[in-house]
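Trainee: Could you walk me through this model, a bit at a time?
Mentor: Gladly; let us look at it together.

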Amino acid sequence: MVNDNCRRLSISSVNLENSVEVYLMPTIQYSENTVGCRIGDEIWVHPKLYTEPELYHAIVGHERKHTKGFSVKDITLDIVNDDLEGHKKAYWKFMFKNPKTFLGLLPISKIGPHWTLDGTMLGFSILAAALVWFLLASLL
Ligand SMILES: [Zn+2]
């Protein structure tokens, strides 16, 4: 899901697909403030995520699909998110066991040394704030 500040591999990927460099990228890093997210060429996962191998592969597989930057593809990827199909229960269980991961759902969060902005979550937050604003305005 969800928090990913995330994302693009290559210009001529057809030729690069089998090269070691492309296969190795992005690199995996560890942060307690997220279950998993993508920042440029790095995938950040929770240090204990390896204890749930199926969830680990679902998350890393999802983050690999993100582009290096931030594009429409990334937004669609997070809204559709069929990568977590069948793993949602494990996902939320993992989050409640490791509550710091909720920090990763905020539009702005600190992952490793990076302060990150999640465009998708920011969009959701603005929509939610607008909704609350209109509800309050119509009540008062
Ligand atoms: Zn994502």
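**Talking through the model**

Trainee: Leaving aside its neighbours within four places in sequence, which residues is Asn-98 in contact with?
Mentor: Asn-98 is in contact with Glu-32, His-46 and Lys-48, where contact means that the C-beta atoms of two residues, placed from the backbone, lie within 7 Å. Residues are numbered from 1 along each chain as its sequence is written. This is a predicted model, in which local features need pLDDT of at least 70 and side-chain atom pairs count only at pLDDT 80 or more, while totals for chains, interfaces and linings use all residues.

Trainee: And where is the place of Asn-98?
Mentor: Asn-98 sits in the loop between helix 5 (88-97) and strand 4 (108-111); helices (H or I, at least four residues) and strands (E, at least two) are DSSP runs, numbered from the N terminus.

Trainee: Why does Asn-98 count as partly exposed?
Mentor: Because Asn-98 has 17 C-beta neighbours inside 10 Å. A residue is buried if 20 or more other C-beta atoms lie within 10 Å of its own, exposed if 12 or fewer, and partly exposed in between, with C-beta atoms placed from the backbone.

Trainee: OK, new topic: which residues of helix 3 are buried?
Mentor: In helix 3, the buried residues are Leu-55, Tyr-56, Ala-58, Ile-59, His-62 and Glu-63. Viewed down the axis of helix 3, they fall within an arc of 165°, so they line one face of the helix; the arc is that of the directions from the helix axis to the C-beta atoms.

Trainee: What do those buried residues of helix 3 pack against?
Mentor: They pack against strand 2 (36-39), strand 3 (42-45) and helix 5, whereas the face of helix 3 turned away from its buried side carries the exposed residues Pro-53, Glu-54 and Gly-61.

Trainee: What about helix 6, does it lie largely in the open or is it buried?
Mentor: Helix 6 lies largely in the open, because the number of buried residues among its 21 is two.

Trainee: Last one: in what sense do strand 4 and strand 5 pair?
Mentor: Strand 4 and strand 5 (residues 114-117) pair in the antiparallel sense over four bridges, and two strands pair if DSSP finds at least two bridges between them. They form a hairpin with two residues between them, and Gly-112 in the turn has a positive phi of about 60°. Strand 4 has a covered face, Ser-109 and Ile-111, and an uncovered one, Ile-108 and Lys-110.
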